[in-house]
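Let's take a friendly tour of a protein model, looking at a few places where side chains meet. Please have the sequence and the 3D view ready.

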Amino acid sequence: MSESLPRPASFLTRALSLSRRLALAACLLLSAPLAGAAQINAIVSAYSAAEFAAAVAQFQRLHPGQRVSAHPEQLAELDDAALAQWLDAGQVLFGAGIFGAEVERLRPLLGRAAVAELFVLHSDHGLVQLSRAAGRPLFASREEAERLGALKPGGALAPWLQEQQRAHPRQADWLSARSYWLAGGSENIAGLLAWLAARVDAEVAVAPAKARAPLRFYQDGELRAAEQLRWRGDALVAIVDHGRADRAGDQALNDALCRALGEAGLACVSLFANWGRVPCRRCAGSKRASIRRWPRWSPCRTSSSAAASTASRSASCSAS
């Protein structure tokens with residue numbers, strides 16, 4: 001009797017493995033690109049997932065024949081054979097924000113993947129080193145990947161990119177891909193997807209990355225210039241959020257906070273700011289130039305992980 005106990009567990013394990021493979025096969029079949037179109041398989045962090053999903057939707061509206069598969073299942077739920085099959089099914093592989101426990105598992109799988117186009121950004125340097133274009137490795141060492149990954153523009157993005165590509169011609173393609181990620185926002189990530197698709201399908205139109213202002217004002221559901229902001233009430237609350245808070249989920253949180261503040265008779269504006277000294281100086285300048293008419297100014301910091309109930313608490317911060 002005791003000898004037969006492991007058999008159901010073994011059978012269940014095989015059944016689960018088979019079901020996962022069938023699900024993966026169905027996913028690959030449904031996501032198969034049209035003739036001449038690209039199949040982009042992407043691994044992105046949970047932090048970037050919402051922004052990436054918005055970018056995929058925008059990209060596919062503009063390029064309906066192109067296909068993007070991102071995380072067909074959680075990586076931990078795929079065995080190595082199934083994950084390798086998914087990686088090999090992509091004509092272009094893309095990775096961003098990959099750190100932690102999955103790095104050691106992905107390194108050999110990405111290294112053996114049959115795909116000729118592999119671009120890894122903002123991830124463990126050992127994975128970034130695996131990047132390749134037209135089957136050609138782009139980095140000679142982990143240290144080289146780390147050194148180029150630390151480069152950031154001090155001014156305008158386009159001339160900086162051109163300068164870096166002249167200085168590092170072997171990594172010119174990788175630098176182009178990274179320029180979209182550095183610029184940020186779903187529109188630029190959609191542009192990155194178009195750039196990746198064009199590696200396979202020359203008919204895909206590609207536009208360069210568009211740098212975004214380090215400080216952006218968001219009010220009543222849209223981004224606005226400072227002179228377009230609408231002021232109401234006799235006090236103002238400014239919600240200072242991170243630079244990528246124009247993602248759908250983060251926008252919804254800011255909208256909820258401002259609605260609660262408006263119901264309390266307070267004006268509200270969200271400031272989406274990149275980290276660094278320049279945005280802080282501009283925020284301070286905005287405070288003096290645009291908000292000085294209010295006798296009370298209360299900057300409130302929030303994040304996308306805050307609960308919606310934060311709105312009621314934030315309404316009270318304007319009275320301090």
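## A cluster of rings

Phe52, Phe94 and Trp181 are joined into a cluster by ring pairs. Rings of Phe, Tyr and Trp (its six-membered ring) pair if their centres lie within 6.5 Å; planes under 30 degrees apart count as stacked, over 60 as edge-to-face and the rest as tilted.

Before going on, note that this is a predicted model: local features need pLDDT of at least 70, side-chain atom pairs count only at pLDDT 80 or more, and totals for chains, interfaces and linings use all residues. Residues are numbered from 1 along each chain as its sequence is written, and side-chain values use heavy atoms, with hydrogens and water left out.

Searching the whole structure gives five aromatic pairs. In one of them, the ring centres of Phe52 and Phe94 are 6.2 Å apart and the planes meet at 5°, so this pair is stacked. Phe52 belongs to helix α2 (residues 46-62) and Phe94 to strand β3 (residues 92-96), so the pair ties together parts 42 residues apart in sequence. Helices (H or I, at least four residues) and strands (E, at least two) are DSSP runs, numbered from the N terminus. Both Phe52 and Phe94 are buried; buried means under 20% relative accessible area, exposed over 50%, and partly exposed in between (1.4 Å probe, protein chains only).

Phe119 and Trp195 make an edge-to-face aromatic pair, with 5.2 Å from centre to centre and 75° between the planes. This pair links distant parts of the chain, 76 residues apart: Phe119 is in strand β4 (residues 117-121) and Trp195 in helix α9 (residues 186-197). Phe119 counts as buried because its relative accessibility is 0%, and Trp195 counts as buried at 11%.

## One disulfide

How many disulfides are there? The count is one, where a disulfide is a pair of cysteine sulfur atoms within 2.5 Å. The sulfur atoms of Cys258 and Cys268 sit 1.9 Å apart, and the link is left-handed, with -55° about the S-S bond. Cys258 is in helix α10 (residues 248-263) and Cys268 in strand β10 (residues 267-273).

## Around Asp124

Is Asp124 buried or exposed? Asp124 is buried, with a relative accessible area of 16%. Leaving aside neighbours within four places in sequence, Asp124 is in contact (heavy atoms within 4.5 Å) with Ile98, Phe99, Val103, Arg107 and Arg142.
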